[in-house]
Amino acid sequence: ILAATGGIVTFRPQIASLLSPPASQAPTCVAIDWSQTEQEIQKFAGSAINRIYAPTAPDTRYRFRMMTDSDAIFSHVIYDGCSGKVLGSANLAWMDWLVDFHHNLRDGRTGRTLAGWLRVMLLVSGVGGILIWLESSPSIRRLLRIRAGFLMMRDMHSLAGVVAGVLLLVGSFTGLFLCFPQAMRAAVNVFAPLPADVRPPRPAKRTEGTPLAGLGQIIASAQSAIPDGSWREIRMPEGPGNVQVRMWRAGDFRSLGNNVVTIDRITAAVVATDLYSTKSSANRFWQAMPGLHYGEWGGLPFRSIYGVAGFLAALLFPTGVLLWWLPKRQTARRVVMAPASVEEPVSTL
């Protein structure tokens, strides 16, 4: 289940783009007034903004994720940055449900811990499967052979296991950094020291009636903090807190950018700037883990390989069960069908 849902979640940006209303064919693009756009989006959705995803050229559609009463389920409003109009909504509630199930098994922190232990089992299973294959005098020609009958299951299981095995290990290993961050941070510190995880200071308590900074002010502050970057994602706090703006710069491997600007929600002042170029090797390794897990490294080709590997890994379970169950069934059938032996009378003479 983790592999299959991960294969789908890998294509989340592409699926969101496909299910969004098409962009209007405006002859010329207008300058975006983000403060006015924020009001229009919130009025259209009837709720507050949770996240904003910027498009990559040539797409001009911004996706606004809006708060709802459902846990981890959001409404999605599509805005055309060229024409400056709200295009409508995208039905992505099922994707939100799937993402939360993949990450947390729909059970918050408890579910994320359980998902972490399942990933440990996947990691052990992947290592064991590859070692078994390596000990069997491996041959690429024999690996690609698919025979008929019962041997078909064995051949399909071996092929899926080897092809998906390496990426299954990558997905399981990187998932541990999301499920057990403290334990994995301690493990990395054994090989290379990581700086202390210092959180930006929270803003002062907001008094009633104090206006919040507009979206235009937030974007302007983020752009001034990293002038050579372009924002890709904005995470709004659910309550009093800071805004996180992900910025992409040339050389970043994550599609959402490797740099984060933290901004005060009330004053729009820059609280902290986290530049990837200034990080140590250990910190870069740490930041690479979520990017690898989400398939953000290498663009669509890598996402495609990652997604196919997820579905192939899901194929390992039914073929493995059949390989375990069918021989037992055939053995039981042979025992039932075997003729009963006739005992000869023992002479008493």
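A nonpolar core is taken here as a set of buried Ala, Val, Leu, Ile, Met, Phe, Trp, Tyr and Cys residues joined through side-chain atoms within 4.5 Å, where buried means under 20% relative accessible area, exposed means over 50% and partly exposed lies in between (1.4 Å probe, protein chains only). The model is predicted, so that local features need pLDDT of at least 70 and side-chain atom pairs count only at pLDDT 80 or more, while totals for chains, interfaces and linings use all residues. Residues are numbered from 1 along each chain as its sequence is written, and side-chain values use heavy atoms, with hydrogens and water left out.

**Nonpolar cores**

- In the largest nonpolar core, which has 25 residues, Phe64, Trp231, Ile234, Val245 and Ile263 touch the most other members.
- Two or more residues of this core come from each of helix 3, strand 1 (49-53), strand 2 (61-66), strand 3, helix 9 (215-225), strand 5 (230-235), strand 6 (242-248) and strand 7 (259-264); helices (H or I, at least four residues) and strands (E, at least two) are DSSP runs numbered from the N terminus.
- Helix 9 gives the most to this core, with 4 residues.
- Leaving out residues up to four places away in sequence, Ile234 touches Asn50, Arg51, Ile52, Leu215, Ile219, Val243, Gln244 and Val245, a contact being heavy atoms within 4.5 Å.
- Another core, of 22 residues, lies apart from it and has Tyr276, Trp286, Ala288 and Leu292 among its members.

**The disulfide**

- The structure holds 1 disulfide, defined as a pair of cysteine sulfur atoms within 2.5 Å, and it joins Cys29 to Cys82 with an S to S distance of 1.9 Å.
- Because the torsion about the S-S bond of Cys29 and Cys82 is about -85 degrees, the disulfide is left-handed.
- Cys29 lies in the loop between helix 2 (12-19) and helix 3 (34-45), and Cys82 in the loop between strand 3 and strand 4, so the pair ties together parts that are 53 residues apart in sequence.
- Cys82 counts as buried because its relative accessibility is 8%, whereas Cys29, at 54%, counts as exposed.
- Beyond its neighbours within four places in sequence, Cys82 is in contact with Ala26, Thr28, Cys29, Val30 and Thr60.

**Salt bridges**

- The count comes to 9 salt bridges, each a side-chain nitrogen of Lys or Arg within 4 Å of a carboxyl oxygen of Asp or Glu.
- Asp228 and Arg249 meet through their side chains in a salt bridge (2.9 Å, N to O), and this pair links distant parts of the chain, with Asp228 in the loop between helix 9 and strand 5 and Arg249 in the loop between strand 6 and strand 7, 21 residues apart.
- Arg246 forms a salt bridge with Glu233, with the closest N and O atoms 3.7 Å apart; Arg246 is in strand 6 and Glu233 in strand 5, 13 residues apart, and both residues are buried.
- Arg51, Glu233, Arg235 and Arg246 are linked in a network of salt bridges.
- The side chains of Lys279 and Asp274 also meet in a salt bridge (2.8 Å, N to O), in which Lys279 is buried at a relative accessible area of 16% and Asp274 is partly exposed at 32%.

**Around Trp324**

- Trp324 lies in helix 11 (residues 299-337), and it counts as exposed because its relative accessibility is 56%.
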